[in-house]
Amino acid sequence: MLFKARKGLQWFLLFLSGYLIWQGLFGPQFAPKNLSTMFVWVHYRGILVIGLILMGNLLCMGCPLVLARNILRKISPPSRKWPQQLQNRYPAIFLFCLVLFLYEAFDLWASPFYTAILLIGVFATILLIDGIFTKGTFCKYVCPVGHFNFLGSLFSPFEIKKKRSSVCLSCTTQDCLHGSPQRNGCELDLFMPNKKGNFGCTWCLDCIQACPHDNIGFGINENLHVEKSLSQLSSGLGKLSARRDFQFLVILFCFGAILNAFGMVGPAYKLQIELADLVGWKSEVFTLFVLFVVFLLVAPWFLIKTANKGTQLLSKNNNPNKFWKEKLLVSMIPIGFSIWVAHYLFHFLTGVFTFFPILGISFPVQYMGVPESVVSPIQVAIIFIGLFYSLFLVRNTLASSFKKRVMIPWMTLHFILAIFSIWIMNLPMEMRGTFIGG
Amino acid sequence: MVSGCKQQTASLQNEYKVHYSLKSNKLSVGETDFHFKVSDSKGEMVEVRDFLVEGNMTHPGMVPVYGESKKIDNGQYLVTMDLTMAGDWILFISFKNAEGQIIKKELPLNGVGSAF
């Protein structure tokens, strides 16, 4: 039943993707009147974060890209292994950055055509990569949306897990990992007995189908102390919090959330115009590039370095827990995720039924979306939940080893991120297609 | 036949021109009064009916706003719209000519400032 539901969801999303590509290419080129921009930038992102909060990685589970890839692989099975040098998260980090940049540079939210081109590009990328390389290469190393979901699903209430450890201990075939002639094993190299939490898991259900002992299923996610679970060895992933690529991913996830929201408010436009005037070069690509460097490199480097230095000073260089830096970095994930959720839910809730007129169905204007006056407090509440979660992780990391004051630098950092985000979300949005040089 | 119909529709749409001016100097979030003028190809005001204005943000998923139209003279309408957000807007205008044919126009409304 579950497997059929997954297949059904994949086929539905594949047809929907095809329709949205067609709409984007040939439909009306005004974003609010086109289902491509409407569903991709409003509904898909909203449903994605709601799915992560209420269940888990549902949209990876129903990913139509994987279905398209599987169809291709039936015709032409891949044979090569993904190069050793690229067996890390940097390809996904690069694409994550690229998508954020293209979103701003091409105003993807305002362009059905470019939205369709992006969708075509994503399908082409998975077909190219997984058409050449074996296993779940695209999902594991390349997919930016998947990596967003991996981090978001760390806090999901459910995960796929083993039912009884004793059964795994007596298992000799390890079909969940290696598969069998009839069934695939985990394409992302997660070995169920050592799997911790949702990171790296696409909820593809292959392991559930592969296990000959019916010992794998959905269960409550017991790895919500992410500062602990990510600091332990996990199957197929190693010790995540210590991995440099994972640390970059966390920084991008957190500061990218702020940048993505900041890109839609007046001060961002003013800043870019002033910068363009200052250097005398009216190039949006240039000003955006500077903004990205500041938000994703300079600001994180300065803030994290300062917080770590402050922690070190206040602890008088007495650091019994040698992993405190990497654990504190992990504490940025909840606040980062809450900023994404607050942003995406704003668009989703305020315009949840705005697609009806596009379908030719009349719908009362007053019920097309939740009023901003209702959504704004929800956004603030979500960011505060993220903030308190992050503070909780800071406390867990430092409280047992140090005096309370040692927590001040990192807690201050989280407060700064939360307050800055709330300030952004309370600014009126200024969604402009073009603003530099007309 | 199809192209003939399209040509006829296009030329009919081009027969009418719509301009607007603002009652206030400041274009910002909140209730805004627009003075619309509908003219024919010779530039003369023409009598039209069912004059409707719909405002949309350039971002999808934003609830459209509809203007309240009040006829003030032949081909002239005062329309009050509650612009809910700063940024770029598109105004979709539709009306019927004397023969009852529907005419549609799109006008940009760029740079709506914040209320503060």
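Predicted model: local features only at pLDDT ≥ 70, side-chain atom pairs only at ≥ 80, totals over all residues.
View 1. Residues are numbered from 1 along each chain as its sequence is written, chains are lettered from A in the order in which they are written, and side-chain values use heavy atoms, leaving out hydrogens and water. Trp203(A) sits in the loop between helix H10 (175-178) and helix H11 (206-210) of chain A; helices are DSSP runs (H or I, at least four residues), numbered from the N terminus. Its phi is positive, near 55 degrees, though Trp203(A) is not a glycine.

**View 2. Asp107(A), with a positive phi.** Take a look at the loop between helix H5 (90-105) and helix H6 (112-132) of chain A, where Asp107(A) is found. This non-glycine residue has a phi of about 45 degrees. Asp107(A) is buried too, at 9% relative accessibility.

**View 3. Where chain A meets chain B.** Chain A brings 27 residues to the contact and chain B brings 20 residues (heavy atoms within 4.5 Å).

**View 4. A salt bridge across the interface.** The partners are Lys33(A) and Glu54(B), whose side chains meet at 2.7 Å, N to O. The rule asks for a side-chain nitrogen of Lys or Arg within 4 Å of a carboxyl oxygen of Asp or Glu, and finds one such bridge between chain A and chain B.

Key: Helix = DSSP H or I, 4+ residues; strand = E, 2+ residues; numbered from the N terminus. Buried < 20%, exposed > 50% of the residue type's maximum accessible area, 1.4 Å probe, protein only.
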